[in-house]
Amino acid sequence: MKMLPYPKNSFLIATMLAISAAGFTGCSDKAETKAVDRVEEAAALARVKDLEARADMLKSNMPAANDMTATAGGKPTIKMPDESTIPDDEFGAAVRRGLQIANHTYKELPNNVGNQLNCTSCHLGNGSEAYAAPWNNMPSVYPIYRTRAGRVNTIQERINGCFERSMNGKALELNSDDMNAMVSYMSWLSQDMPFGVSPEGRGFVKVDKNLEPNTDNGKKLFAEKCSVCHGATGEGQYNDDGTYIYPAVAGEKSFNDGAGMARTYTAAAFIKGKMPFGQGNTLTDQEAVDIAAYFTHLPRPVKANKDKDWPNGDAPKDVRR
C-alpha cells in the first residue's frame, strides 16, 4: 500500500505525542504520587503547549497549496516586495541605493551612462514586473553560461553588459559600492524565493522567430501606435532637466546596436508583452516583429568590438553586425 507523505510539521506532531505520552505516564491519582512527578508533568505539558503554539504559527505561515513557491519543481512568481521589508541597517541602505539607481540611472551614474536611459526603461516596475526582464531571483540564477559571451558570466558581468550596451556607457567597478547596491537590491527582490530557480515571468513573452518582418508595415504601425510617446523618429520625450518622459528607442540617446533590444526578435518580444504602454498583448506576433524590425534599424550608437560577440559561432539570426 502506498504511504501518504507526512505534512511538513509532522515532526512537531510526533514530538508532541511523545512528550504527551512521557508526561502523562507519571500522572496518578494515588496518594503516593510524589511532588517531583507533578513538577515534571507540568513541565511536559508546558512543552507540549509551546510546541502546539509553534506548530500553529508554522501552519499559518505556510504558503497556500496553489502558491507556486510551495510546489515541488514549480516556478516562483514575480512580485515587488513591500518596501517596508527593507531592513534599517547597512544592507537596507544598499538596497535603497540600488532602487534609486534602477529608476534614475542617468542622473545617479552620469559617468557610466552614455545615453539618457534608466535601468527601468526596459526592466519595468522597479525591475520587478513579470515579462519585462525582471530581476527577481537573478542573483541566485547566476553565474550561468551565456552564448553571447561564450563563457560563464556572473551577475555583476551581466549588469555591466547592460551598462556597455543598453546604456551605451561604461562598466561599473566590480567591487564598487554602486555595483554592490544593485546586487543588494536584486537580492532583496528575491526574498523568499527558492535558490537557483528561474521565476515565472523571467525575460519577455515569446514570439514566433520564424516570422519574416515587414519593415514598411512596421514603419506604418510605429507611426500609429508608438510615435505618440517615443516621437516620430524614436527620439523620446524629455523634461527640462534632461530626464525622459518617454525613453528614446533610436538616436544618440538610445541603446547601441550591441544591446539585446537592438535585435528584432528580442525587441518584438518586449513590444508584444508590454507595448503600447498599458496595452500589452494587444498586438499580433507579426505586428510586433514588424515594428521591431523598423525601429531597431533606425540610426543609433554603434557598439565597439561587437564582432567579438558569440565567439563560438552560434549567434541568432537577428544579431547586429
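**Entry 1: lysine 306.** I began with lysine 306, which I located in the segment after α12. The model I consulted is a predicted one. I next looked up its contacts, leaving aside neighbours within four places in sequence, and found Asp257, Arg320 and Arg321.

**Entry 2: helix α11.** I turned to helix α11, which spans residues 264-274. How many of its residues are buried? I noted that eleven of its eleven residues are buried, and I recorded the helix as mostly covered. Among them are Tyr265, Phe270 and Ile271, and also the lysines Lys272 and Lys274. I then looked for the elements against which these buried residues pack, and I found α5 (124-127) and α12 (285-295).

**Entry 3: a charged patch.** I searched the surface for charge and found a patch of positive charge. Which residues gather there? I listed Lys75, Arg202, Lys206 and Lys209. For lysine 209 I also noted the place, which is the loop between α8 (177-189) and α9 (215-225).

**Entry 4: the chain as a whole.** I recorded twelve helices and four strands in the chain. Of its 321 residues, 42% count as buried. I found an accessible surface of about 17,800 Å² for the chain, and 54% of this belongs to carbon and sulfur atoms. Finally, I considered contacts between residues at least 6 apart in sequence: 66% of these join residues at least 24 apart.

Notes:
Residues are numbered from 1 along each chain as its sequence is written. This is a predicted model: local features need pLDDT of at least 70, side-chain atom pairs count only at pLDDT 80 or more; totals for chains, interfaces and linings use all residues. Side-chain values use heavy atoms; hydrogens and water are left out. Patches are made of residues with over 30% relative accessible area and no salt bridge: like charges are joined within 9 Å, nonpolar side chains (Val, Leu, Ile, Met, Phe, Trp, Tyr) within 5 Å. Accessible areas come from the Shrake-Rupley method with a 1.4 Å probe; for residues, only the protein chains shown count as cover. A salt bridge is a side-chain nitrogen of Lys or Arg within 4 Å of a carboxyl oxygen of Asp or Glu. Lys and Arg count as positive and Asp and Glu as negative; His and the chain ends are not counted. The place of a charge is taken as NZ of Lys, CZ of Arg, CG of Asp or CD of Glu. Helices (H or I, at least four residues) and strands (E, at least two) are DSSP runs, numbered from the N terminus. Buried means under 20% relative accessible area, exposed over 50%, partly exposed in between (1.4 Å probe, protein chains only). Contact means heavy atoms within 4.5 Å.
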